[in-house]
Amino acid sequence: MIRRVTGFRPAAVCALAAAAVLTLGGLSPARAQAAPPVGGDFLWGVSSSGFQSEGSAPDSNWSRYAASGRVPDPYLNSVDFYHRYREDIGLAADLGAKVYRISVEWARVQPRPGEWDEAGFEFYDSVIGAIRAAGMRPMITLDHWVYPGWEADRGGWGNPGIVDDWLANARAVVNRYAGDDPLWVTFNEPTLGPPVFVAQGNLPPEQAGIALDRQVTAHRAIYDYIHSRQPGAMVTSNVSYTPGYESLAAAPFENRIADKLDYVGIDYYYGSLPSPIDALTKNTPWANPLQPEGIYYALRHYARQFPGRPLYIVENGMPTQNGQQRDDGWWRGDNLRDTVYWLQRAKADGMNVMGFNYWSITDNYEWGSYTPRFGLYTVNVKTDPSLTRHPTDGVPAYRDIIADGGVSDDYRPTRPPTPCSIVDPPFSCIDPVR
């Protein structure tokens with residue numbers, strides 16, 4: 001999660017929308033406000049990632065960057081999921097969650113070229129076994145922006161051989177866990193990965209496009225391999241919806257893997273965003289404006305792009321600054337309920353929404369800082385050696401949502417929709433939600 005667009009003028013977007021109305025005509029009448037619950041087959045889940053939460057970090061591009069002095073906080077031991085995974089999985093099960101997303105860290109299971117670490121795999125055996133024992137389905141991410149230190153020494157995604165290296169590890173992971181019937185995510189937010197690697201100094205700027213090309217090749221290859229090992233597998237690469245320039249930023253990747261997506265994994269957070277490099281260096285996501293109804297527009301965008309394909313919100317959440325109330329007055333529970341309302345509206349309007357994961361089950365290392373807090377359970381990493389998980393107001397809110405299949409029919413959002421949103425323009429202005 002790195003997120004705002006600079007230089008965007010809402011007035012210009014609205015002018016574009018007005019022109020589009022003249023040429024396209026209205027798309028649909030104003031929708032009713034009913035948002036019925038989503039039903040028993042819907043997949044409610046929670047998300048996490050290996051490096052951000054595990055602690056005991058092996059040598060990787062990110063452990064090196066965290067130790068470089070170029071980030072606000074050293075890594076410490078994050079929230080120590082490595083030793084406390086049963087506790088966190090238990091917290092998710094207590095919510096009633098059906099899906100628990102993790103990443104299998106390449107650096108942990110392949111610490112040296114051509115050599116897999118059985119102890120590393122045994123850790124993930126235990127984690128995935130605990131997820132299944134708790135009645136949840138694992139969602140496994142193969143790449144969450146982290147690669148081994150030895151691969152960094154070879155040039156990372158600037159190395160022409162990285163696709164073969166990456167696939168060798170990914171196949172080993174698939175061989176190990178295909179029998180657990182996970183949902184699969186190949187690359188986390190792939191269009192943001194290369195800018196992050198550039199900001200780290202691990203990728204020359206002129207090679208960012210080449211790195212993305214290599215990720216396309218890797219995704220296409222591992223998609224076929226997963227299906228050879230797990231008939232009926234569900235595979236995606238989760239895309240980060242970027243308000244204002246989604247088509248420009250993401251389409252070059254998405255369109256090239258469109259035939260290798262069983263569902264569309266979507267990360268949606270904000271109504272506008274900074275550039276990825278600014279977000280990485282400043283890392284103040286609590287200052288980004290929230291717009292719960294934007295999840296409706298983001299889902300509608302992908303429903304147009306991938307007609308009929310299942311849509312899954314792989315990440316959505318709300319950041320705070322050290323757990324304090326946000327300046328805009330949002331509380332986690334209200335933001336979650338409002339977001340789920342608009343998710344239900346999308347499903348009621350015919351969008352094929354199959355699941356929703358909250359990011360994240362606990363606070364974690366937000367790519368260089370412990371100040372941003374996204375967790376349903378907050379953890380004071382820098383001041384509390386016990387790393388106690390403290391519930392936020394999001395916990396009872398999400399527990400009720402899961403138990404009831406969503407918010408009630410008569411629920412109405414706490415905030416009105418933003419007029420002429422820059423999430424999915426011009427359609428958000430031509431055909432706005434009400």
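1. Let's start with Arg64 and Asp59: their side chains meet in a salt bridge, with N to O at 2.9 Å. A salt bridge here is a side-chain nitrogen of Lys or Arg within 4 Å of a carboxyl oxygen of Asp or Glu. Keep in mind that this is a predicted model, where local features need pLDDT of at least 70, side-chain atom pairs count only at pLDDT 80 or more, and totals for chains, interfaces and linings use all residues. Residues are numbered from 1 along each chain as its sequence is written, and side-chain values use heavy atoms, with hydrogens and water left out.

2. Arg64 also pairs with Asp153, the closest N and O atoms being 2.7 Å apart. This one links distant parts of the chain: Arg64 sits in helix H3 (residues 61–66) and Asp153 in helix H7 (residues 149–153), 89 residues apart. Helices (H or I, at least four residues) and strands (E, at least two) are DSSP runs, numbered from the N terminus.

3. How open are these residues? Arg64 is partly exposed because its relative accessibility is 33%, and Asp59 is partly exposed too, at 41%. Asp153 counts as exposed, since its relative accessible area is 56%. The cut-offs are under 20% relative accessible area for buried, over 50% for exposed, and partly exposed in between (1.4 Å probe, protein chains only).

4. Another bridge joins Asp181 and Arg137, with the closest N and O atoms 3.3 Å apart. It too connects distant parts of the chain, from the loop between H8 and strand S4 (183–187), which holds Asp181, to strand S3 (residues 137–143), which holds Arg137, 44 residues apart. Asp181 is partly exposed at 37%, and Arg137 is partly exposed at 24%. Back at the opening pair, shared partners join Asp59, Arg64 and Asp153 into one network of salt bridges. The structure holds 22 salt bridges.

5. Now the inside. The largest nonpolar core has 117 residues, and Trp44, Tyr100, Trp166, Trp184, Leu299, Phe356 and Tyr398 touch the most other members. Helix H8 (residues 162–177) gives the most to this core, with 9 residues. A second, separate core of 9 residues includes Leu43, Val99, Val185 and Met354. By nonpolar core I mean a set of buried Ala, Val, Leu, Ile, Met, Phe, Trp, Tyr and Cys residues joined through side-chain atoms within 4.5 Å.

6. Trp44 is worth a click: not counting residues up to four places away in sequence, its contacts (heavy atoms within 4.5 Å) include Val38, Lys98, Leu343, Phe356, Tyr398 and Gly406.

7. Helix H13 (residues 294–305) and helix H14 (residues 332–348) pack at an angle of about 35°, their axes 8 Å apart. Axes are lines fitted to C-alpha atoms, for helices over the stretch in contact, and angles run from 0 to 180 degrees between N-to-C directions. On the H13 side, Ile295, Tyr296 and Leu299 meet Thr339, Trp342, Leu343, Arg345 and Ala346 of H14.

8. Which residues of H9 are buried? They are Gly193, Pro194, Val196, Phe197, Val198, Ala199 and Gln200. That makes 7 of the 8 residues of H9 (residues 193–200), so this helix is largely enclosed by the rest of the structure. Just after H9, Gly201 takes a positive phi of about 90°.
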